[in-house]
Amino acid sequence: MQYQFLGIGYLTWITFLPIVGMIVVLLIPRGNTNSMKWIALAVTVLQLVVAGLIWMNFKPGLTGINDPNGFQFIEKTKWIDLQGVAWFGRVSIDYFLGIDGLSLPMIVLTALISFVGVIASWNINKSQKGYFALYLLLDTGMMGVFVALDMFLFYVFWEIMLLPMYFLIGIWGGPRREYAAIKFFLYTLLGSVLILLVMLALYFSVSIKDPATGQMMHTFDMLAMMNPQNYDPNSLLGGIGTYWRYVAFIALFIGFAIKVPIFPFHTWLPDAHVEAPTAISVILAGVLLKMGTYGLLRISFPIFPDAMLKFAYPLAILGFINIVYGALCAMAQTDFKKMIAYSSISHMGVVLLGISALNSQGMAGGVFQMFNHGVVTAMLFLIVGVIYDRAHTRDMNAFGGLANQMPVYFGIMTVAFFAAIGLPGLNEFVSEFLSYLGAFAAYRWVAIFSSIGIVLTAGYMLWALQRVFLGQLPDKWKGLPDINGRELVALVPLMVVVILLGVLPSIMLHPMNATLNHLVSFVHSVGTGMSAAR
Amino acid sequence: MSLHVGLYHFLVVSAILFSLGIYAVISRKNAIMVLMGIELILNAANINFIAFARFGIMNLSGQVVAVFVIILAAAEAAVLLAIVLNIYQQLNTVNVDEVDKLKN
Amino acid sequence: MASMESLLIHLSLAVLFLPLAGFLLLIFFGKRIPRQDLIETGLLFVALAISVFIMVQKVFFMSVPRIDLTFRWLDLGAVFGYPGLTIDLGIAIDNITAIMLVVVTLISSLVHLFSLGYMEGDVRYTRYYAYLGFFSFSMLGIVLSNNLLMMYGFWELVGISSYLLIGHWYEKKSASDAGKKAFIVNRIGDVGFFIGIMIVFTQLHTFLLTKVFGGIAAGHLSGPLLTAAGILIFCGAVGKSAQFPLHVWLPDAMEGPTPVSALIHAATMVAAGVYLVARVYPMLTAGALTVIAYIGAITAFLAATIAITQNDIKKVLAYSTVSQLGYMVMALGVGAFSAGFFHLVTHAAFKAGLFLGSGSVIFAMHHEQDMRKMGGLRKKMPITYWSFVIFSLSISGIPLTSGFLSKDSILAGSLAYGILTGNYLIPIIGYAVVFLTAAYMFRLIIMTFHGEPRDHHAYEHAKESPKVMTIPLMVLAALSIFVFYSFNPLNPDDGWFLKAVTQPASVVPAAQSYGFNQPVNLSVADSAQGGTSLAGASFVEQPAVPTPEYHEVMEEVHYPGLVVSLTLALLGIFMAFFVYEWKKLDAEKLKQRVLPVYNFLYNKWYFDELYGATAVAGTVILSKSLAWFDSHVIDGVVNGAASLTRLSSRLSGQFDHYVVDGLVNFSAWFTGLLGRGARKVQTGKVQTYIVFALLGVIVIFYVFRQF
């Protein structure tokens, strides 16, 4: 294999580096918190370097999705192979990693956000050992979700990421942390159960020929699940557009919708964000939400193209509801963090709107928006973290006039806010524009009504900006110091990305294009071809 | 009437002796009396062994066992009497009901 | 591309990026550079010089109608359903662009110069200059864009720089409120613009204007959708050019520093709306144009009536701006394209001058803006006064001024339109506004400069502003004279300006365009399509050829219209003198007599109150109730499910405790009971045991007795 280091593939490196880091952190004696931080930082920097290597060696133009030859950096070995387990028959699970244009931006995003998150975790002052160990475990789980191509493996990573998150919120969080952590955990677990059920149903419906023995066997290989020929005609999910396929699609959708989160499964998000420590909010908004939409694109869309075509319109309407509902709820908040949490809901609606359009512009916009929202929301949460560290309150009405007190901070914040508003020249503009453009071509009125969100977003963002930064400075904040070097190190890389991708979006869109176009045409051709064939 | 003394008569005597021994063991509170009851039981057994040796199929082995029993009974009596003497010196009684130091 | 064309287009890139370079310089190294303000101002003057060069070259020496520079911004590759989806962006220079470049850089550099005096010692002086630079960059971006996407992008950037500059003194709540309001109201218009763009792109798969027009000419976008696209794109102009019903932000925007008002809210940014309509002019259908004409006319009238009652000097000028923008929009709507654009240019000069003049007055009066506290400043500030008079004459449309030329063309155009279509309402409003304009402008002059000083303390300290502030005034006053546009003071038609700015031919289907402005070149455009491709690359805009009928009417109405407008303007000026200078009629008494009307106008037709009570309050209430809904109903369901689960778990816990565990405990208890009974037998006495053993033996014997 070509892309290896020490005989181990790049994707394995990028996924399991944090685990190595975690072990090292666990071996460090309790008191030595500084070396724990530096090790976590070193691991994430290394991860970022590997992500950079992957980026540079990535060949744009290859398709992926259902085409094994379109994937890059593939690693495939047998993981679990049990001959005959009770009624299960043979169980064969592959360690199957690979990326295409859909995973690439997510990998880069995860590496970037993980790095920023470690810097934001620098002043964690309670059982650092556990914190950084869990943090790195979380990192592995996130990365694994984006590189796994075997559904069982995907599910394992999906669950791995859940547990550290629970503890990170539940132990290092704010006053209501237990409530928020349990809510997050149970809610997500509910979704996981649905995913698990669909996964098993798919497993028993799909049979492929074992290349080694020539016998037919069930498989968890996602790529095999995308081929309609591999379904047993009499199995639960066999056939086209059957009742159970729709049920399975909806169950899977709910599983992912909880993660996105899509209205009405979103209420865990504000609580989790408000209680989580800054770095965890950054991770949560920056990466975890993307897993939901990533799951939709990687699993729901290509495996159930027939159901997807059928439910595309309701999906777009959910996108519209997310946009407008999230924006209106954000407008009513006085808690800075809660406002941004709701704005996340609104912005993830744009992703949904774009991908549900099932055309090139919309798909490119939606996936690009996933990346951009990750970066911008990470910035916003870091910004709230900065102010919370200093003032120990997040009530926007308690502030005012900080622009004069903290000018550098104000400058960076302006960029982040304007990006969230969708100002041209900053990255979110491009992705929102493309998403709306795609949605307009597919569902004209949904797009038109969704564009109310553009006005509302400007409304609540500028209102928040005014309440916190403009006006007179209250006396009690006279002593607040401006942003420090550590915080700048976290924010500036994100800001650079925001501006760079705003001006030259093709840097990111170019590697994605072939895959996304392939996904669009795959869903259309297989979805309609399947129904036409019968 | 001829008085023929057979196995039956020996066994009856033995049984009476055994019952008297049992009675003594059960009803007497005095440790010495209990000890004497045990001796009666052992002797009842001895009569049986001798009787079976004479009339039954045990032959010499019955007499040998009887001799063993007598020896054991002597040893046992010696040990028991020593214990009872010690108990009397310690507790001023030989009543078995009152010797309950191990209880509680 | 010929070398001169290549030079010009690259020079225009330099013009575009010079202000941006200044912005970046000031933002990152602001405090460390000595005299940052001069750097930024100098950059703007360099840009001005280049722009003048470009304009002269383009307008006077070049036969090519436009120079394009296009690059591929995004390539979405081979797509399901299309052969390929690409987004091209770029810049272009034609005569309109070249003239706008000069207008923007000229006003911008003069304002930079003026600010050296006006903003001296301001707390955020560096940032002020940085934002001015950023604004100039964005505005030039709009001007240079040859496609709708970039235009929309710079459109938003202009909005954000306007937001930042209005809120420059953000310690004042009213200032930050005004900035926010400006941005959000603009955003509402922009959403319309955005949807319009989406219609165009969805139908034609391009943002490039030439290709858009080519596609429309080839019939790929027509019917009601085309009209809708036109009106929606115009929505953007409604927002930015403060047209009814989105005009409410502009007067509030006067919270910003006065030079900013001159640059952004009088001369350039607000004119961007008009510029946008001019750019997409060929694709506007008769239906869209009629809407545009009415919106313009309503705005012009509405704003003029409000202006006449205001007492804040900047508010009067703000409403005057709104009114004049209404004129321009109306002109475009009635098909008087060149006149509308002409008015944009002349208005930029004299309105910027008026604002800078008012800035000079405000500066002298130590930031007093209420005209009722001014008066008699004529003697103290002669330069400001005389330039102000020239600007007012120009805006009122008195001959020998630039305003006369442009306004007269507009009125003639609207009159011709009225005659040809029967829509007489529009010219009537046009003429009424002439009267109102003259009246409120001279009311302003008289209240500010004539008569006795009303605030003696302020008057004592008032003095003429420094050179950096008076020079821009004098330059702008000079530019308000007719000679710069046409050598004939009464008719601009033979001047270089109207020769350079020709109306582009419409590309909409003949059935959808004005009868007097038929798209004569449709067949040419169609053949350029090459049949299958959606948007023709070789499409070239053609000048419109009005029908002979239109020419005839224009000839007929020109001089009568001129006389009427001049009479009305003079009447307006006379009225102002009659009431305020000679005080033949007591303004206060007049006000009392028409108090309800006065209050209605003074309170700006209650638009702010109306919007506040409906749109703003509605949104706030909706957001509050949705937030309540979210935290109580939706989250309530979630928490309810959780408590239900907990309740059932508690119930099953009780069951477990009492029933399941109860059985276990009972069996244990029963065993204990048995044990307690059996314990009685365990006496610890060997004798008892023996009795039992005997009994047992007896029983066994009894049982097995038969064996």
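Contact is taken here to mean heavy atoms within 4.5 Å. On that basis, 8 residues of chain B are in contact with 6 residues of chain C. The model is a predicted one, in which local features need pLDDT of at least 70 and side-chain atom pairs count only at pLDDT 80 or more, while totals for chains, interfaces and linings use all residues. Residues are numbered from 1 along each chain as its sequence is written, chains are lettered from A and ligands numbered from 1 in the order in which they are written, and side-chain values use heavy atoms, with hydrogens and water left out.

Buried area is the accessible area (1.4 Å probe) that two parts lose on being put together, summed over both. A salt bridge is a side-chain nitrogen of Lys or Arg within 4 Å of a carboxyl oxygen of Asp or Glu.

| Chain B with chain C | Value |
|---|---|
| Buried area | about 560 Å² |
| Share of that area from carbon and sulfur atoms | 64% |
| Salt bridges | 0 |

Of the area that chain B buries against chain C, V25(B), I26(B) and D97(B) supply 64%, more than any other three residues.

As for confidence, pLDDT is the predictor's score for each residue, from 0 to 100. Chain C averages a pLDDT of 85, and 95% of the residues score at least 70. Over residues 520–537 of chain C, however, the pLDDT is below 50. Where pLDDT is low, the predicted coordinates should not be read in detail.
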